[in-house]
Structure formats: C-alpha cells, structure tokens
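Subject: Structure handover

Hello,

I am passing this structure on to you, with notes on what was found in it. Please look through the sequence and the model first, then read on.

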Amino acid sequence: MSNAPIAIIGTGIAGLSAARTLHDAGQAVQLFDKSRRSGGRMASKTIGSGTLDLGTQYFTARDRRFTEIVHQWQADGWADQWSPSLFQSRDGQLSPSTDEQLRWVGTPTMSAITQGLLDDLPVTFSCRITDVFRGEEFWTLVDATGASHGPFSQVIIAVPAPQAAALLAAAPKLAAVAASVAMEPTWAVALGFATPLETSVEGCFVRDDALDWIARDHSKPGRDGSLDTWVLHASSQWSRQHIDLSREAVIELLHGAFAELIDCVVPAPAFTLAHRWLYARPTQPHEWSALADPGLGLYACGDWCLSGRVEGAWLSGQEVARKLLENL
Ligand SMILES: Cc1cc2nc3c(=O)[nH]c(=O)nc-3n(C[C@H](O)[C@H](O)[C@H](O)COP(=O)(O)OP(=O)(O)OC[C@H]3O[C@@H](n4cnc5c(N)ncnc54)[C@H](O)[C@@H]3O)c2cc1C
Ligand SMILES: NC(=O)C1=CN([C@@H]2O[C@H](COP(=O)(O)OP(=O)(O)OC[C@H]3O[C@@H](n4cnc5c(N)ncnc54)[C@H](OP(=O)(O)O)[C@@H]3O)[C@@H](O)[C@H]2O)CC=C1
C-alpha cells in the first residue's frame, strides 16, 4: 500500500461523506472543488446579514444509517428539524397539506453540514479538475489552469454524472454508466421582502406550469437576517424550456407566478436573485450505490448513483468509501 493520499473531486455531501469515513479509517485524503466553498447543491448563499438555501431545501431520512447520522448532526448542532406550515397548490387552488414527514435542514445554514464534515481535512477550492490520468503507479489530476496535482494512490469522483463522465475517461465502462444518466435543470429565484408577507404559508408543493416548490426560507431554524426571504423553484420542464433566459426575465416570470399563487398582497421585493442549476437532479433514481474499478483505483459516487436526494448522495459516499477500503 502506498503512502500517497486519496484524491476526492467534489466537496458536496457525497464527496464529504466518503472523505470523513476514509479519514476516520486512517487514510489520507485530499479534496478538490471548483467552487469557493463546500456544499455543492447543499450550498448556502450569503445575503447581507442572512443566508439563503438556493439548492437543497430540506432532506428526509428513510435509511437507518442516514437517520443515525442525521441525529448525530443534530447533536453536533449542524442540523435541526424544520416543520413548516405546509401547503399545496393544484390548478391554482392553494390548500393546507399537513403531513407527518420529518424534514431536516442544516443549521444555521444548509452548508453547515458539509462545513462540519470538512472540518480541517485538506482541500483546494476554486480548482476545477479537467483531467484525471494514471501513470505507472499513481494518479495525477490536472486543473483548468493546466496545473498538476498528485501523486495520488486512488481517485474518487464525486460530481454530477455529466461532469463525472469526462473525468472517468480512464475507466471507459464507468464513464459510459455516468454518461447514460440524464440530469434535469432547476431555475431557483430568491425574493426578500422588507415587510413580512401576510400569509401562513411556509412551504408549498406546487403543480403548475412554472413552479414546483416555494419556501419561506426565513422560517427555517437558526436563520438570521432582517428580510422575509422566499425561495422559488421552477419545475424541471419549465427550467428546460427557459434554460437560456436572462436572470432578470426568470425573476420577473417566477415572481409573477408566486404573486398569483400566494394568498396575500405581494409588494415589490427589496432583494432578488436567480440561480440556474444545470444538473439539479437525475431524471430517475438508480441502484448502483457507487461505481468502482478497484484494479485501477478509480471510483465515483453521488446522488445520481441512488435516489437523487441528499440521503442518496450521503449513502453513495459511504458505499464508495466501503468499496475502496475493502480493496486496499
Ligand atoms: C434546486 C435544488 C433543490 C433540491 N432540493 C432538494 C431537497 O429539498 N431535498 C433533497 O434531499 N435533495 C434536494 N436536492 C438534491 C440534493 O441537493 C443533491 O442530491 C445533493 O446535494 C447532491 O450531492 P452530491 O455530493 O452528489 O453532488 P453536489 O452537491 O453537486 O457536489 C458536487 C461538487 O463537485 C464540484 N465539482 C463539479 N465538477 C467539478 C470539477 N470538475 N472539479 C472540481 N469540483 C467539481 C461542485 O462544485 C460541487 O461542490 C436539490 C437540488 C437542487 C439543485
Ligand atoms: N428542484 C430540484 O432540483 C430538486 C428537488 N428535489 C425535491 O426534494 C424533495 C425531497 O424529496 P423527499 O422524498 O426527501 O421529500 P418529501 O417526502 O417531502 O417529498 C417528496 C414528494 O412528495 C410530495 N409531497 C410530500 N409531502 C407532501 C405534502 N405534504 N403535500 C403534497 N405533496 C407532498 C411532493 O411531490 P409532488 O409535488 O406531489 O410531486 C414531494 O416532491 C422533494 O420535494 C423533491 O422534489 C430533489 C432533488 C432536486
């Protein structure tokens, strides 16, 4: 066994789930991410004195192992339950839609969970990996500036499937599996109101042309900030149809759909923001858990290997770590 560390590309929940387990098993890891901080689709956006969850809104825990770790995160102060006043909107009709489902969020921000998992593990941010190749014994990564990183004993690719396919070129079979996964986009819009809206809605599952989900971000536990903040998610179909629209136009259209849906007067927002998630969710769940070529030392994990949700991403990271450790 070599002393070279294991490279992990991606500091979303899948990459960090794997990283933490490998580190706890005594393995040296080195993480890379193209963003400036961890979280990926669980990232939080800082807005003045507050933050917003533009991606993941909440997560559920159905698997026993994930339920246990979520309770540990709660004990660590990284996560808490969110029990929004839930509604649904169908054919323009808004109605209460209470249920018994436990829903969790990171506290005080969604990214607190990945920040907690990352802790002081070695990481290089703002580093987009473009090439992953193997020499006689070790792996080398090349980033978008042309700089090389390595040597590494093994590589885990923990990025959305379409981006993983390119990085898996050294293992054509794994690359083909990743390339077979279609992922749908989501346009997200945030609105901030100086005066709280006069509605009891805190979360709403929407079935209409444009919107899929709306949430009163401010109602989540631990959120600061002076504005009454809302996050609106467009449906996959609408997002695909409007993929190249300007941010301003998307804000205007989704703000309009929100004003029509909600049961109160909607004044002009004091703050607006739009974000386009190109690879928001796989079109369908899979049961791969994780991809592995142990002979080569190349692995892949991510939500797209399982349920397309936070729980699936975390479980996929666990599985990739298990497979790698088993083959050392
Ligand atoms: C709008 C939206 C709403 C959602 N809502 C929910 C929800 O309510 N509940 C739920 O359970 N799930 C939700 N999800 C899905 C959930 O966010 C994902 O399943 C989960 O976060 C995926 O984690 P991951 O680690 O697999 O991937 P990611 O979070 O995408 O992490 C991948 C990381 O890899 C980095 N990366 C990519 N390419 C490179 C490269 N070449 N070099 C270096 N770094 C790279 C990225 O910057 C990113 O940090 C939502 C997703 C979106 C987009
Ligand atoms: N936008 C994206 O890119 C994206 C969104 N994702 C959404 O994430 C949640 C997570 O799903 P999970 O199974 O963990 O949560 P729920 O059990 O809360 O929701 C699952 C779907 O079930 C319907 N639902 C649940 N509760 C209610 C309720 N009280 N009233 C009405 N409907 C409810 C709802 O589906 P429909 O709107 O009926 O189709 C929920 O969506 C989930 O919301 C995903 O859409 C995940 C990944 C990417």
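To begin with one residue: Ala61 touches Phe66, Thr67, Val70, Trp104 and Glu311, leaving out residues up to four places away in sequence. Contact here means that the C-beta atoms of two residues, placed from the backbone, lie within 7 Å. Ala61 sits in the loop between β4 (50-53) and α2 (64-76). Helices (H or I, at least four residues) and strands (E, at least two) are DSSP runs, numbered from the N terminus. Ala61 is partly exposed, with 19 other C-beta atoms within 10 Å. A residue is called buried if 20 or more other C-beta atoms lie within 10 Å of its own, exposed if 12 or fewer, and partly exposed in between, with C-beta atoms placed from the backbone.

This is a predicted model, in which local features need pLDDT of at least 70 and side-chain atom pairs count only at pLDDT 80 or more, while totals for chains, interfaces and linings use all residues. Residues are numbered from 1 along each chain as its sequence is written, and chains are lettered from A and ligands numbered from 1 in the order in which they are written.

Domains

The protein is divided into domain 1 (6-46 + 113-180 + 285-326) and domain 2 (57-109 + 183-282); the bounds come from an automatic or database domain assignment. Taken over C-alpha atoms, the centres of domain 1 and domain 2 are 28 Å apart. Across the boundary, 16 residues of domain 1 are in contact with 18 residues of domain 2. On the domain 1 side, α3 (112-118), α4 (161-167) and α8 are the elements that give two or more residues. The largest share, five residues, comes from α8. By type, this side of domain 1 has nine nonpolar, four polar and three charged residues. In this count Ala, Val, Leu, Ile, Met, Phe, Trp, Tyr, Cys and Pro are nonpolar, Asp, Glu, Lys and Arg are charged, and the others, Gly among them, are polar.

Helix α8 covers residues 310-326, and its 17 residues should span 24 Å at 1.5 Å a residue; the end C-alpha atoms are 24 Å apart, which agrees. The expected span is 1.5 Å times one less than the number of residues. Of the 17 residues of α8, 13 are buried.

Ligands

Ligand 1 has 37 residues around it, and those that come nearest are Gly10, Gly12, Gly40, Arg41 and Asp303. A residue counts as near if its C-beta atom, placed from the backbone, lies within 6 Å of the molecule. Two or more residues of this shell come from each of α1 (13-24), β14 (183-193), β18 (271-282) and α8. Domain 1 and domain 2 each give at least three residues to the shell around ligand 1. Its residues divide into 16 nonpolar, 14 polar and seven charged.

Ligand 2 is surrounded by 16 residues, of which Thr60, Ser97, Thr186, Ala280 and Arg281 are the closest. At least two residues of its shell come from each of β6 (86-90), β16 (211-216) and β18. The shell around ligand 2 holds five nonpolar, seven polar and four charged residues.

UniProt annotations

UniProt positions are given in the numbering used here, feature names are shortened, and annotations may be inferred rather than shown by experiment. An unreviewed UniProt entry lists residues 107-325 as "domain: Amine oxidase". Over residues 107-325 the chain is 27% helix and 32% strand.

One "binding site" annotation (unreviewed entry) covers Tyr58, Phe59, Thr60, Ala61, Arg62, Thr186 and Arg309. They span 252 residues in sequence and the farthest two C-alpha atoms are 24.4 Å apart, so they do not all gather at one spot. Thr186 lies in strand β14 and is buried, with 23 other C-beta atoms within 10 Å.

UniProt also places the feature "binding site" (unreviewed entry) at Ala14, Asp33, Lys34, Arg41, Gln57, Tyr58, Ile129, Asp303 and Val310. They span 297 residues in sequence, with the farthest two C-alpha atoms 29.0 Å apart, so they do not all gather at one spot. Ala14, in helix α1, is buried, with 34 other C-beta atoms within 10 Å. Ile129, in strand β10 (residues 129-134), is buried, with 23 other C-beta atoms within 10 Å. Beyond its neighbours within four places in sequence, Ile129 is in contact with Ile9, Phe32, Leu141, Asp143 and Leu167.

Regards
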